[in-house]
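Hi everyone, thanks for making the time.

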Amino acid sequence: PLSSSSAASDVYKRQALCLAATRPTALPTVHASQPDRAGEVAAVVRAHGACEVQGLLDRGDLDRMHRVYTTVWRDYRLMLQAKRDSRLLHGRYVKDGDRLVDASQLRRKMKHPGLVEASAGRYHLQFLENSQLDEPREELQRFESRWLPVVRALLGAEEGEEIVSSELQLVMSAPGSEPQMWHSDNTCGGVTVVVPLIELSSSTGWTQFHLGSHTLWPEHAQQHTDEAVSGVASRALRTLGEIRMVPAGKQ
């Protein structure tokens, strides 16, 4: 991963220094509501490392996904409050707006939360292998068929070959949260699908990609040329990027 720590290689440190000098630009965009555009999307991602893909989800789809995440996050937000102030758990129930939450269930959730604070105020909630989220995970996985043709084209999967999801996360940035360091999701290769569930702007912060950074890995390191950082701006877009891209969460 690209980082400023002492463990980072010299090439990554040099690229980290050049980020401040790059100019933000829009991601390459393809409208791919039909499977026959999957090859076009794959070609753009291979060239640039990331692509904005429009037309895979409609407003109704996004609203359904947003309702699932809002419901799930409400419980985890309460859990974080209880961690900061244990007095919330002294009674049998915890009052949370218009509802009462069983304190014993909240304690059990706190033991195995599946929640990672990637930077101060920025949380990643893990859905896979999280038994507390079986029902919402199944509901969200129904949407995977929408972008599966594009993913298969990117991975060069043959007919009948299985595609495996290794992560399913909700990323939530609280107001005033710290930017996440530059990193790669997986140096082994793969595809990351990012679904913005709110309108993103300079006020909310961006998900940013260092275009061309998928060539940073050893077999391509010497061929890399500096590319601009890109922000993902629209609620209705679909973004697919190679996992070896270097994204950074900004708030």
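Let me begin with how I describe packing: axes are lines fitted to C-alpha atoms, for helices over the stretch in contact, and angles run from 0 to 180 degrees between N-to-C directions. Helices (H or I, at least four residues) and strands (E, at least two) are DSSP runs, numbered from the N terminus. Please keep in mind that this is a predicted model, where local features need pLDDT of at least 70, side-chain atom pairs count only at pLDDT 80 or more, and totals for chains, interfaces and linings use all residues. Residues are numbered from 1 along each chain as its sequence is written, and side-chain values use heavy atoms, with hydrogens and water left out.

First, the overview. The protein chain has six helices and 13 strands. Of its 251 residues, 43% count as buried, meaning under 20% relative accessible area, with exposed over 50% and partly exposed in between (1.4 Å probe, protein chains only).

Now to the helices. At what angle do H3 and H5 pack? Helix H3 (residues 59–84) and helix H5 (residues 134–141) pack at about 160 degrees, and their axes are 10 Å apart. That makes H3 roughly antiparallel to H5; angles under 35 degrees count as roughly parallel, over 145 as roughly antiparallel, 65 to 115 as roughly perpendicular and the rest as oblique. On the H3 side we find Met65, Val68, Tyr69 and Val72, which meet Pro136, Glu139 and Leu140 of H5, where contact means heavy atoms within 4.5 Å. Six residues of this H3–H5 contact are nonpolar, none polar and one charged (Ala, Val, Leu, Ile, Met, Phe, Trp, Tyr, Cys and Pro count as nonpolar, Asp, Glu, Lys and Arg as charged, and the others, Gly among them, as polar).

Our other pair is helix H2 (residues 38–48) and helix H6 (residues 144–155), whose axes come within 8 Å and cross at roughly 50 degrees. That makes H2 oblique to H6. Contact residues include Val41 and Val45 of H2, and Val150 and Leu154 of H6.

Finally, two side chains. Glu52, in strand S3 (residues 50–54), counts as buried at 12% relative accessibility. Its side chain has a polar contact of 2.6 Å with that of Gln54; such a contact is a pair of N or O atoms within 3.5 Å, and within protein one must be able to donate a hydrogen and the other to accept it, while residues adjacent in sequence count only if both atoms are side-chain atoms. Gln180 is buried too, at 10%, and its side chain makes a polar contact with that of Arg122 (2.9 Å).
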